[in-house]
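Could you walk me through this model in my viewer, one selection at a time? Please tell me what to click on and what I will find there.

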Protein chains: 2
Amino acid sequence: MKALLDAMGGDNGPETFVEAARRFLRRHPEAEIAIAGPEADLRAAVGGTRVRGLTIVDCSEVVTPGDEPVRAIRQKKDSSMVRGLTALRNADADFLVSAGNTGALMSGAVILVGRIPGFDRPGLSSVIPTLDHRDLVMLDLGAGVDIKPRTLVQYAIMGSVYARTVMGKPRPRVGLLNIGTEPSKGDRLRREAFPLLREWDGGEDASFTGNIEARDLLGGGFDVVVTDGFTGNMVLKAFEGTGDAFRELTRRGIRSGWFSRFGGMFAGSALKREFRRYAYQAYGGAMLLGVLRPVIKCHGNASAPAIASALEVGFRAVEGDVTGLIENALEEVPNGDDTRNA
Amino acid sequence: MKALLDAMGGDNGPETFVEAARRFLRRHPEAEIAIAGPEADLRAAVGGTRVRGLTIVDCSEVVTPGDEPVRAIRQKKDSSMVRGLTALRNADADFLVSAGNTGALMSGAVILVGRIPGFDRPGLSSVIPTLDHRDLVMLDLGAGVDIKPRTLVQYAIMGSVYARTVMGKPRPRVGLLNIGTEPSKGDRLRREAFPLLREWDGGEDASFTGNIEARDLLGGGFDVVVTDGFTGNMVLKAFEGTGDAFRELTRRGIRSGWFSRFGGMFAGSALKREFRRYAYQAYGGAMLLGVLRPVIKCHGNASAPAIASALEVGFRAVEGDVTGLIENALEEVPNGDDTRNA
């Protein structure tokens with residue numbers, strides 16, 4: 001198994017990516033990682049000791065966060081991202097992990113790696129930590145806006161495969177993110193998608209459980225939650241913003257007086273430990289589902305452990321043949337409002 | 001100044017509403033409150049002592065949370081909600097506060113009280129606490145889904161009037177809730193609304209500042225944030241859910257060992273104090289903007305202080321003539337994608 005790790009375009013330097021590769025290779029001595037970026041920088045980050053299983057793919061260009069996605073993919077042929085996607089297409093690597101420009105990575109995955117036939121568009125998925133520690137996978141988090149109702153069924157199918165194979169949930173419960181639990185709730189997209197999801201009903205290996213409100217997401221009880229990319233991105237960022245706010249409120253509370261400062265000396269580390277699982281920098285990787293090979297996006301400022309866990313996501317996706325299973329799941333897609341093939 | 005307080009249809013009993021009325025009347029001895037509900041229950045809640053300024057409107061019916069909104073308004077003529085809305089229309093009261101069925105209250109406000117001419121539809125607004133303690137008003141939180149781009153400009157105008165008069169912000173900064181800051185970001189609605197908002201630009205008494213991401217909402221820097229009712233409701237509930245989750249994580253952290261329990265004895269109350277401002281049960285009232293008289297919605301399980309603060313919102317809205325100013329602000333509305341009058 002070979003991973004392609006794009007070491008450029010994130011907020012952190014090559015050291016972070018090399019450290020992530022080291023961590024991953026310690027856990028999987030049989031795996032290989034090709035790390036893409038300027039060779040000199042990567043050599044310096046690796047240092048004197050040779051790392052078994054790690055090779056360097058020298059690239060001269062970088063796709064920056066400000067780059068226009070499609071143009072960057074077409075023009076920056078020698079960037080670590082384009083080189084990585086090309087390696088994936090040519091089967092020189094089994095999966096790709098990148099912390100670079102999200103839009104460029106998603107466009108590049110469609111242009112260079114290709115969509116799974118029959119699926120309208122890929123969905124960016126991420127595992128969301130829940131209070132019952134069972135976690136859930138939510139998609140789409142920003143790959144597609146203004147989608148069709150049937151696309152939500154496709155997301156449900158892709159998410160269910162992911163939950164079964166990567167998360168080890170035998171019969172995932174699928175929910176439609178909505179502003180109320182009744183089938184009649186929501187905007188036109190939700191009202192039209194609900195009967196399609198009911199018709200699909202989860203097939204043999206999943207079950208459609210109905211609408212779920214954003215308030216109940218973290219409480220647990222669902223394994224897969226589907227929504228359009230606009231809403232998904234919005235809700236994910238609302239979670240992140242509120243998490244940051246509560247961390248700040250906790251700091252303020254503890255610093256507000258001598259009593260609370262004293263208390264913070266004893267309770268502070270326990271609070272930090274509880275909050276850590278909900279830090280988005282630690283989420284690991286968001287897998288782009290619906291393209292022919294696994295592409296995993298890390299947060300721009302992902303730490304080495306977070307990138308290592310993104311590599312782990314890719315490893316498990318390849319091992320469980322997520323993309324193959326999604327391809328086979330196509331017969332479950334109801335026609336929806338249009339023909340199956342967009 | 002006379003308030004109509006709908007004491008039915010919320011999670012709490014008449015005592016909570018009577019207690020809220022007492023609190024409000026202590027602060028505003030010149031005001032009057034007519035409280036609507038079954039007379040016997042309300043008399044029992046008031047007890048032996050007469051409350052100066054408080055009168056009872058006897059009603060035999062209740063609009064329940066499960067009622068179909070429009071049908072409930074048309075059929076339950078003797079419910080506290082319909083009696084309250086009718087009193088508002090007939091100018092027997094200056095504003096209405098209710099913790100009942102949100103959909104019924106919003107439909108009823110349009111049917112019985114009436115829209116301000118020229119505005120497509122009302123927007124449910126709420127003050128969101130921010131970390132810099134300047135707070136912001138966000139709308140719409142669920143009154144309208146599948147709206148037109150120009151409706152977002154109307155929300156911006158209504159929100160700006162609210163921010164100036166009720167929140168005392170002389171020149172509010174208005175933001176469009178979106179999944180990125182660049183004008184090209186978002187779904188079709190956002191991309192089409194952006195240039196309309198830019199054209200409006202805030203008029204003389206506000207300024208359009210651009211897109212704002214959900215992650216940055218609580219950080220401060222904006223006074224008015226506009227979005228469609230689906231997204232607004234989703235983001236508000238994501239905030240609520242995350243807030244609940246962090247309260248739970250804090251409890252778990254403190255209970256996780258002897259050290260942290262000891263720390264919690266000293267820091268716990270300071271944390272509670274900081275978190276309290278972000279408890280949605282305490283938000284006070286969500287004002288429905290765009291109808292001819294102030295209608296304020298409380299959370300279903302609002303406490304007496306929260307209901308009293310909703311009464312305060314209504315008081316300030318009447319004092320500041322929010323609805324009159326919104327009516328006058330009509331000339332600021334650009335035509336958008338259609339004629340001005342829907």
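Start by selecting A:H133, which is exposed, with 8 other C-beta atoms within 10 Å. Here a residue is exposed if 12 or fewer other C-beta atoms, placed from the backbone, lie within 10 Å of its own, buried if 20 or more do, and partly exposed in between. A:H133 sits in the loop between β5 (123–128) and β6 of chain A; helices (H or I, at least four residues) and strands (E, at least two) are DSSP runs, numbered from the N terminus. Phi of A:H133 is near 65°, a positive value in a residue other than glycine.

Before you click on, two notes on the file. This is a predicted model: local features need pLDDT of at least 70, side-chain atom pairs count only at pLDDT 80 or more, and totals for chains, interfaces and linings use all residues. Residues are numbered from 1 along each chain as its sequence is written, while chains are lettered from A and ligands numbered from 1 in the order in which they are written.

Next, pick A:D201, in the loop between α7 (188–200) and β8 (207–213) of chain A. Its phi is also positive, near 65°. A:D201 counts as partly exposed, with 14 C-beta neighbours inside 10 Å. Most residues other than glycine have a negative phi, and most peptide bonds are trans.

Now for the peptide bonds. Select A:L139 and A:D140: the bond from one to the other is cis, with omega near 0°. A:D140 belongs to the loop between β6 (136–139) and α6 (149–165) of chain A. In chain B, a cis peptide bond joins B:L139 and B:D140, with omega about 5°, and B:D140 lies in the loop between β6 (136–139) and α6 (149–165) of that chain.

Move to helix α1 of chain A, residues 14–27. Its 14 residues should span 20 Å at 1.5 Å a residue, and its end C-alpha atoms are 20 Å apart, which agrees; the expected span is 1.5 Å times one less than the number of residues. Buried residues in α1(A) include A:F17, A:V18, A:A21 and A:F24. What do the buried residues of α1(A) pack against? Colour β1 (2–6), β2 (32–37), α2 (39–46), β3 (54–58) and α10 (304–319) of chain A to see.

Finish where the chains meet. Select helix α8 (residues 229–255) in chains A and B: the two pack at an angle of about 35°, with their axes 9 Å apart. Axes are lines fitted to C-alpha atoms, for helices over the stretch in contact, and angles run from 0 to 180 degrees between N-to-C directions. Among the residues making the contact are A:M234, A:F239, B:M234 and B:F239.

Then show both chains: 50 residues of chain A are in contact with 49 residues of chain B, contact meaning C-beta atoms, placed from the backbone, within 7 Å. α8(A) gives the largest share of chain A's side, 20 residues.

Methods:
Two residues are in contact if their C-beta atoms, placed from the backbone, lie within 7 Å.
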